[in-house]
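Dear colleague,

I am handing over the structure below, and I would be grateful if you could look through it before reading my notes.

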Amino acid sequence: MALTNESNEERPMRALFIDRIWPTLKVVISTIGSIAVTMLGLLFITFIIGRVMPIDPVLAIVGERASQAQYDEVYQQLGLDRPVIVQFLFYIWDVLHLDFGISVLNARPVSEDIARVFPATLELATIGIIIGIVTGVPLGVLAAVNKGTWIDQIARLVALIGYSMPIFWLGLIGLLVFYGILGWVGGPGRVGIFYVDVVPSVTGLILVDALLDGNWDVFKSAFSHIVLPASLLGYYSLAYISRMTRSFMLEQLSAEYVTTARVKGMSEWNVVWKHAFKNIRVQLITVIALSYAGLLEGSVLTEIIFSWPGIGSYITTALLSADMNAVLGGTVVVGLIFILLNVLSDMLYKIFDPRAK
Amino acid sequence: MNVFNRLLTSVAIGAAVSMSSMAAYAETPANMLVIANRIDDIITIDPAESFEFAGSDVSRNVYQRLVYLDPMDLEAGYKPALAESWEVSEDGKTITFIMREGITFESGNPVRAEDAAFSLQRAVILNKTPSFILGQFGFTPENAAEMIKADGNKLTITTDKKYATSFILNCLTATIGAIVDKETVMANEVDGDMGNTWLKTNTAGSGPYKLDSWKPNDSVTMSLNPNYTGDKPAMERVIVRHVTESASQRLLLERGDIDIARNLNPEDIAGVTAAGGVKVEDELKGHLMYLALNGKHPVLSKPEVRQAFKYLVDYEGMQNSFLNGQYTTHQNFLPATYLGASTEKPFSLNIEKAKELLAEAGVEGLEIEAGVREAQERIEIAQSMQNTLAQVGIKLNITVGTAKQILGRYRARELDMYVGIWGPDYPDPQTNAGTFAYNPDNSDEANATGLLAWRTGWEVSPGMNAAVEAAVTEGDRDTRIQMYQDIQKEFRDTSPFIVMFQRIEQSAMRENVMNFSTGQAVTNAAYWPVTK
């Protein structure tokens, strides 16, 4: 009887494992496996690009006056005399320990540099994407609902300008008008010069750090500095998001179920938002995720114009200075962001679209 | 940003500014100096290793040296600093410095002869790139302790042979001559690195300022050194902010959020000059733009061809167009303001003269390759040369590439022609004479890649080699000046180098900023004399 009882208790456990836990575990394992393989591929490609690029990290360190002996010494210090495959294996090992090496140009650990510049980009990109979503999605829906009308034309024009205007041009003009002439916003930099290093860096996000420190002056200064570049990035996201939203909505609004709903007397609000919009959420997630990933990768020109010490300008400067450890470290982080956002999108699909489960 | 975009931006900003007045500008605090500059070249702040402009600017304000160049009187040459006096031995090989009393480091430790000896020994032993400046005196990691000694309040430096005292003291004004706090530095030593890792991002000096923070590609912040024993500077805090874009620097300056903008392009310089409340100051810097003709090329090595090329450069045309305000014509290997620098400019664009010289050399249908690093000014110079050379029937093929590609080929003596920029390493004429006009062994085996003359494959005459060696040991200042004048004349007439331009730095600043000096050709920026 005891054995029977045990078997009876085990059966539901096994069933629970087979029916519920195992599928979830399988998804987790396959996701982690997929991330690992993608990361390995990314590391391999960035490493190879770093080796075939016509830049010389040794020259970047020793300068053009260095003697051959000094050049050779640094060449060996960087491990460039070892076979490429050995260098790659060492690199993988280091990355697994979150060690991207030392920046050959400023002698600091690359991981520390990234920890410093990435929050700047994260803060800017997050506010930018929020602006893009909050304005772009309603604009796209509005344009689709009013297809062919002046509202649609204006929405399309706004998107077209966003697509076609060079960002550095728009950034400089924005800076000139809102900072130079009107004085409504702060100038280049993350915070006013008097507030540099005033609040302790906890998260690296100045707005958050200022709030945590309860320092409103710094918060206001940081906000006045971020509002213009974030709006600029938001505008570019808006252009993409609104066009895609309009396109997805037009497809849904011409579907038979929408006509049926209208025939049945459902209000236009419900038809648009509760039926048509509900069905584009999955596609929209992809668009937003891609847009956000693009911003997180760092908008180099925006960062340069606004002297924003983010990851985009960090990688670009590193590339131009032949600081390959920094380039590889930055690229790996950007690649990781893409992968994680993809995973997040997949998870959201499953929530919003039961067919994807 | 390309030239078109740059122009477009400047025109737009200029037009908008002229149509509407700027919003009331804010002023930086009276005791704070805020500078916009490109500081992404800072690799390290350790004076034994630092060799870049922005890093040397920090070092100049944070460290003192045995002797220094007074930013308010650069023409006077070196003056006593941490050493209050010095004596030279009869054989001219030993200099004994008497250290000034009562000076302290930012840590509060006293500055001693022992610190000075340690600093110079350390720079030699670490053997980083700028160590060659001290290595010229025969110092090696092995003999540094023997040649550089402290004895109580005295520091003695013994060189391998007699050198001009001015040569040694000029070298000691360079960044590598900075005196660091031995106690503090050695307390931060890791694995026998003599504090190199720590000093890359920290300072231990006795200068007017101490470093508060250096955030790469972001900012450098300095504040008053509380233990500084000199006159208290008016600027208690100095912030150098990394602003890449010229237009952004201009807006910050016009709005009054910064005091000085150091990287404005010619269009923005013209724009701010027209605006009120801002002034522009020019200073000659040490950088020379030059062409090098490969001495191993069978045609380019002919004396008439070398001379012909010197008449095929449109010096005036380039200076007044794309180099406007940024470079001035200069045709000698010593930058103007250097001891013994010649200001002779015998060459100008003369196609007919060049044709005569080429005919004398029997040149016909010549086709050569010029290597140019991807920098706008250099590419435009190469294009100008392409145009003038075409007028005498020479075809110039331009190869543009990265430093690795182009510099690598120049160092390997593979290029027919190289368009280069050279900046002096220390404020003594030997810095350029020793590389442009000195090449004792031109063989491939010598592999003297540090010498421009070797890279160019120039068989320098024994007479000129000897003259360069003699000038560096000449004790009499006037004789030394004459020797460099003579070397420069022969160099102009015979060398395969065509020195064309000397750099001008234009700093735009608020009108109330006084006494700011970028250090001209001989040194770096000084913040302590600035007042507002």
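**Chain B and its partner**

In chain B, residues 24 or more positions apart account for 69% of the contacts with a separation of 6 or more, where two residues are in contact if their C-beta atoms, placed from the backbone, lie within 7 Å. Please bear in mind that this is a predicted model, in which local features need pLDDT of at least 70 and side-chain atom pairs count only at pLDDT 80 or more, while totals for chains, interfaces and linings use all residues. Residues are numbered from 1 along each chain as its sequence is written, and chains are lettered from A and ligands numbered from 1 in the order in which they are written.

Chain B contains 19 helices and 17 strands, these being DSSP runs numbered from the N terminus (H or I of at least four residues for helices, E of at least two for strands). Its radius of gyration is 24 Å, which agrees with the value near 24 Å for a compact globule of 532 residues; the radius is taken over C-alpha atoms, and the globule rule is 2.2 Å times the number of residues to the power 0.38. The C-alpha trace of chain B spans about 70 × 70 × 45 Å along its principal axes, and 54% of its 532 residues count as buried. For burial, C-beta atoms are placed from the backbone, and a residue is buried if 20 or more other C-beta atoms lie within 10 Å of its own, exposed if 12 or fewer, and partly exposed in between.

An automatic or database domain assignment divides chain B into domain 1 (43-205) and domain 2 (285-505), whose C-alpha centres lie 33 Å apart. The contact between them takes 13 residues from domain 1 and 11 residues from domain 2. On the domain 1 side, helix α6 (residues 165-172) of chain B gives the most, with 5 residues, and by class that side has 7 nonpolar, 5 polar and 1 charged residues. Here Ala, Val, Leu, Ile, Met, Phe, Trp, Tyr, Cys and Pro count as nonpolar, Asp, Glu, Lys and Arg as charged, and the others, Gly among them, as polar.

One helix of chain B deserves a separate note. Helix α14 (residues 376-390) of chain B has 15 residues and reaches 21 Å from its first C-alpha to its last, close to the 21 Å expected at 1.5 Å a residue, the expected span being 1.5 Å times one less than the number of residues. Buried in α14(B) are R378(B), I381(B), A382(B), S384(B), M385(B) and L389(B). Seen down the axis of α14(B), these buried residues fall within an arc of 160°, so they line one face of the helix; the arc is that of the directions from the helix axis to the C-beta atoms. Q376(B) and A390(B), on the other side of α14(B), are exposed. The cover over the buried residues includes β14 (367-373) and β15 (395-401) of chain B.

Chain A has 14 helices and 0 strands. Its radius of gyration is 26 Å, whereas a compact globule of 357 residues would have one near 21 Å, and 39% of the residues of chain A count as buried.

Between the chains, 48 residues of chain B are in contact with 40 residues of chain A. The largest share of the chain B side, 6 residues, comes from α9(B), and by class that side has 19 nonpolar, 19 polar and 10 charged residues.

With best regards
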